[in-house]
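Here are a few notes to go with your first look at this one. Have the viewer open while you read, and start with the ligand.

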Amino acid sequence: MSQGFAVTIVGAGVVGCALAWELARAGQEVLVLDKNPGVSQGENQSTRNSGVIHAGLYYDQQTRPLKAALCVEGSRLLYEFCERYGVPALKCGKLVVATREAELPMLERYLARAHENQVPAQLLNGAQATEREPQVQAVGALLLPTSGIIDAAALVHKLYALASKAGAQFVSHTEMIGAAPAAEGLEIEVQYRDGARDKFFSGRLINSAGLYADQVARMVDPDSPFRVDPLRGEAMKFYRTRRPEVELAGMNVYPTPKKVTTDQGTYFTVGVHLTPTLETGPQGSFGLGPVVTVGPLNRQARGREDYGGDFKPAAEFFEQVVDFFPSLRLEDLEPHQVGIQARLVGHQDFVMQFCPSQPRCLNLLGIDSPGLTSAMALARRARAMLLD
Ligand SMILES: Cc1cc2nc3c(=O)[nH]c(=O)nc-3n(C[C@H](O)[C@H](O)[C@H](O)COP(=O)(O)OP(=O)(O)OC[C@H]3O[C@@H](n4cnc5c(N)ncnc54)[C@H](O)[C@@H]3O)c2cc1C
C-alpha cells in the first residue's frame, strides 16, 4: 500500500460501506480498511443488531437532533435502496405497547414527539392493538406504520458490492494503528494479520470505526475527549411457527422505553422487544421467517469484544415481555446473539465532526442505534461535509 489515497475510511460496517459508495460514485479515490477478516465477517455492530428499521420516534430534536433527522431520512433512503437493489426489507410496522394505565401518558408524549419528527403514528386502544397483533395484550399502543425489518448482512454486502464496482478498494484483516500529520494529509500506519506494518499517505481520513472510533480519534489527536462505553445487549429467540399461540402476525412489538445504568452513566434504551426476522428463498424472494427475536437485555460490557460468556437466564427476558405477550412460555426461549453498542460517554446523539487539530479527519462517533437505519443518511451528510 505504498501509493496514496484521496480518502481512507476506517471501518467497513454499514456506515463505512455506505460512505464508500457515496464517495466512490462522486469520483473519489477511496480505500476502506477493516481489521475484521472480511465485510460482514467477524464482530461489529453491523453484523449483530436487531435488524429493525426505526421510524424515528425516540429522538427529540433538542437533545438528539442528528438522530431525529437522520433516522427519518435514513429510513426513507433505506426502503428506496432495498427496493431498487433487492435487499430483503419489510415495512411491517411496529406497536409500542402500554400494559398499565400509568404508561398511557408516555404513549401520548411519544405521539407528540412523532408529530414533531414528522413520523406517521397513531394511538390505539388495547382492542385495536390486539386486532393488529392478535397475541399481544395491552391497554393502549402507539402504531408506527413506517417501522420495519431488514436483512442487515445483505444490506452491508450490497453496499460493499456497489462501492467496489464504483472503484472503492477494500482491504480486510488490516488494522489502523497510528496517524501522523503529513503535507496535505495524513500518514496512516496499519498492521496486517501477520503482524507486518506499513504506512501510506491519505488526503482525508474518515473514522467510522464503531466501537473503536474513540481510539482511532486519539490516534489522530491524542487529546480527543471521546470515550466509548461498550453496552452489551443479549437477545433470545423463539420460533413463531412452533405453536399457534405464539404465531405472531409479524410486527415489531416494543414496550415503552426504559433506562439502563452503567458505571459511566444512565442511558435510554428501547426495551426488550419482539422482532420478526426475514427468510430468503430462491431467486431473491424473501418473506417472514419463523424466528422472532426477544431482546436486547443490556448491561455494561466487560470489554469491546465481550461476545461470549454467560447469557442472562431466559426468565429475565421472559419477565420483560410476558405482560404484553402472555402466550409465550419460558421453554420457548433459546439464546440468539450478543451485540455490543458503541455508546459514547456523555453524549446521546451521533457525533459527526472534523477533528479540531486535524481538519482532514472526519470523526463519526457514538454511532449506536439507530445507526443501521440512519446509515445512508449519515453517509450522505458526511459526503456533503467532505465535498461541498
Ligand atoms: C445489539 C444491537 C442492536 C441494534 N439494533 C439496531 C436496530 O434494530 N436498528 C438500528 O437502526 N440500529 C441498531 N443498532 C445499531 C447499529 O447496528 C449500529 O449503529 C451500526 O451498525 C453502526 O455501524 P458502523 O459501521 O458505524 O459500525 P460497526 O458496524 O461497528 O463497524 C465498525 C468497523 O470498524 C472496524 N474497525 C474498528 N477499529 C478499526 C481499526 N483500528 N482499523 C481497522 N478497522 C477497524 C471494525 O472491525 C468494524 O468492522 C444495534 C446495535 C446493537 C449492538
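**Notes on the ligand site and a hairpin**

1. Start with the secondary structure around the ligand. Four elements, α1 (14-25), β10 (174-182), β19 (334-344) and α8 (371-387), each give at least two residues to the shell around the ligand. Keep in mind that this is a predicted model.

2. Now zoom out to the domains. Domain 1 (5-48 + 154-226 + 347-387) and domain 3 (230-344) each put at least three residues into that shell.

3. How many residues surround the ligand? There are 36, and the closest are Asp34, Ser46, Val52, Ile367 and Thr373. Sorted by class, the shell has 18 polar, 13 nonpolar and five charged residues.

4. Thr373 has a side-chain N or O atom 2.7 Å from a ligand oxygen, and a polar side-chain atom of Asn44 sits 2.9 Å from a ligand oxygen. With Gly371 it is the backbone: one of its N or O atoms lies 3.3 Å from an oxygen of the ligand. As for cover, the ligand taken alone exposes 1000 Å², and the protein buries 97% of that.

5. Last, have a look at β20 and β21. Strand β20 (residues 351-355) pairs with strand β21 (residues 358-365) in the antiparallel sense, over five bridges. The two strands form a hairpin, with two residues between them. Which residue of β21 stands opposite Cys355? That would be Gln358.

Definitions and conventions: Residues are numbered from 1 along each chain as its sequence is written. This is a predicted model: local features need pLDDT of at least 70, side-chain atom pairs count only at pLDDT 80 or more; totals for chains, interfaces and linings use all residues. Side-chain values use heavy atoms; hydrogens and water are left out. A residue is near a molecule or strand if one of its heavy atoms lies within 4 Å of it. A polar contact is a pair of N or O atoms within 3.5 Å; within protein, one must be able to donate a hydrogen and the other to accept it, and residues adjacent in sequence count only if both atoms are side-chain atoms. Accessible areas come from the Shrake-Rupley method with a 1.4 Å probe; for residues, only the protein chains shown count as cover. Ala, Val, Leu, Ile, Met, Phe, Trp, Tyr, Cys and Pro count as nonpolar, Asp, Glu, Lys and Arg as charged, and the others, Gly among them, as polar. Domain bounds come from an automatic or database domain assignment. Two strands pair if DSSP finds at least two bridges between them.
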